[in-house]
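Have the viewer open and follow along as the parts come up.

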Amino acid sequence: MEEREDRGGGGGGGGGGGGGGGGGYHRAAKRLRTEEEAGGEELEDGEQDSAGEEAARSGVTESRSRRIRGTKDGVEDSHCIPPSPVVHVRGLCDSVVEADLVEALDKFGNICYVMMMPFKRQALVEFDSVDSAERCVTCGAREAVCVAEQQAFFNFSTSQRITRPTNVDDPTSGNKVLLLSIQNPLYPITTDVLYTVCNPIVNVQRIVIFKRNGIQAMVEYPDLEDAQKAKLALNGADIYAGCCTLKIEYARPNRLNVVRNDNSSWDYTKPFLLQRERGKGRQRQAILGEHPSNGYGSHCPLLPLPGNCRYRRSSEEVQDMISYPLLLPKNSHSYSSSSSSSSSFLGHGASSSVAMVSGLHPAKMNCSCIFNLFCLYGNVEKVKFMKSVAGTALVEMGDEYAVDRAVTHLNSIKVFDKKLNVCVSKQQAVIPSQVFELADGSSSYQDFSLSRNNRFSSAQSTRNIIQPPSAVLHFYNAPPTLSQHQLHKLCTEHNVPAFTKFKVFDAKSSSKTLSGLLEFDSKTDAVEALTVLNHHQIRIPNSSNPFTLKLCFSTSSHL
């Protein structure tokens, strides 16, 4: 199985930025670098939506990327974009953080604000004057200007200013509280994780994590200067290699109110605040040096803060290690034997293992369709449609991390011309009450806890790769005699969009199944086909048992 994600948080207005204060940024800012980053960067495909959302939320409408070309007579802007204090930067490498842009561009003039767009490898940089921006654009057109050792390209933005979330009228406004939007959060984000990432820069006072449309957090520092330093060092950086990317901006509130210390909030100035009870049945595992793996993905290298990083405080020893609770199946003996001690652990957190999904097509969506889609991001325990709210269902998953992944990847996607809204439910479990018949005749409630189609229970679950919805589907466990014509006929019979390209993987001589790729005209077509055909049983002559066709989103962007 294959999968992954990407999603920007908004929540506070404008894009990620930097420096407050009349003096702009600290000149001494340097980039966070690891051996993995220094080894070279590779361009990637498929990161299109999140950056556009970020730009829209920041009040900046960016036209198609344009490059100013130099001529013998001078600089020529073939698109006639009027000069602006805001410069559009493109061609950045993956490892760029805000400090890299400041270090490379502050020679042209004082920088007021920066908005990172990491998944587009772009950024918006606002100078304090049009003259400074013109020097940057002109120099970039005539000679190579490198950001983090890679040439970048510059043009004027169509906006005259980047909108700030804190103070619309004051271009130098800032705040000691930072808003962190975690994009592509493939792995658990807890207060422990954010403290380990943020505290080595400067002292963290409070952290609050909230999960509505994606995962966001607010981190409070002692003063504005400390917040600015952390923002410079971390804005645009990955918590883990290739995922959990930080987009940082100044938050609106100037102080966080924390009522208890747990996975979702923590006040480090009050160590005796009501803390979570650590259940004896929940062991500690994993460190920040590798991906947290609880059967949801392979171990991969991370990007911990380098030991020689200039942002690390050397006056005191800081925590370098972090662990996650061991996730146990709900029906396991070890879980039930420690339910009394671990229930209090789960009860304190704001997370839930139940997702609420609304905007479902009343005639085409049922419990099985929801299972087919949500099982790509974690085990699905139960699905129940709500009788009181049409087109809305509750999905109980194996744990809260599966719900986080589902929210990140499935919120706002279109299925059967309806836009889904997926969020974390306040319910802690799905109760099979008020069962009724759906439009297609199926039951409004179904229990999938014992389904063999759940993909995160077996020993091979570490092979699952979390992918966001895409136009290419990977199919496997198909009959070895399955043909392209038969698959087309299957799509027609179930009234779902047909694929446009078909590719079969070379199978071993001993293989008893077939696998390959299907490319559709659009991501929406692929999602609809997967929702209906995933786990469809195909019978072939002279075979006692049917083949269960399995589908997932592919890592390939096209065939």
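What volume does the largest cavity have? It comes to about 50 Å³. Keep in mind that this is a predicted model, so treat every value here as computed from predicted coordinates.

**Empty space inside**

Rolling a probe the size of a water molecule over the atoms shows where empty space is left. Here the count comes to eight cavities of 30 Å³ or more. To find the largest cavity in your viewer, select its lining: Leu92, Cys93, Asp94, Val96, Met116, Met117, Pro118, Arg121 and Gln122. Sorted by class, that lining has six nonpolar residues, one polar residue and two charged ones.

**The chain as a whole**

Zooming out, the chain holds 12 helices and 27 strands. It has 559 residues, and 55% of them count as buried.

Now for one of the sheets. Five strands make up an open sheet, in the order E4-E5-E3-E7-E6, with antiparallel pairing. Its edges are strand E4 (111-117) and strand E6 (145-147), each of which pairs on one side only. From one strand to the next, the twist averages 35°.

Helix H4 (residues 130-142) lies across strand E3 (86-90), E5, E6 and strand E7 (150-156). Relative to E7, H4 runs at about 130°.

**Two residues with positive phi**

Which loop holds Ala148? Look between E6 and E7. Ala148 has a positive phi although it is not a glycine, and Phe416 also has a positive phi in a residue other than glycine. Here they are together:

| Residue | Phi | Loop | Relative accessible area |
|---|---|---|---|
| Ala148 | about 55° | between E6 and E7 | 16% |

**An enclosed strand**

Why is strand E16 (residues 354-358) described as largely enclosed by the rest of the structure? Because four of its five residues are buried. E16 pairs with strand E18 (residues 392-397) in the antiparallel sense over five bridges, and Ser358 stands opposite Thr392 in E18. Four bridges also join E16 to strand E21 (residues 421-424), again running antiparallel. In that pairing, Val357 has Val422 of E21 as its bridge partner.

**A buried cysteine**

Last stop: Cys552, which sits in strand E27 (residues 547-553). Its relative accessible area is 0%, so Cys552 is buried. How far apart are Cys552 and Cys375 in sequence and in space? They are 177 residues apart in sequence and 9.5 Å apart in space, C-alpha to C-alpha.

How values were computed
Residues numbered from 1 in each chain as written. Predicted model: local features only at pLDDT ≥ 70, side-chain atom pairs only at ≥ 80, totals over all residues. Heavy atoms only, no water. Pairing = 2+ DSSP bridges. Axes fitted to C-alpha atoms, helices over the stretch in contact; angles between N-to-C directions. Contact = heavy atoms within 4.5 Å. Buried < 20%, exposed > 50% of the residue type's maximum accessible area, 1.4 Å probe, protein only. 1 Å grid on protein atoms, 1.4 Å probe; cavity = no way out; pocket = protein on both sides within 12 Å on 5 of 7 lines; lining within 4 Å. Points joined across faces, edges and corners; volume = space filled by probe spheres on them. Nonpolar A, V, L, I, M, F, W, Y, C, P; charged D, E, K, R; others polar.
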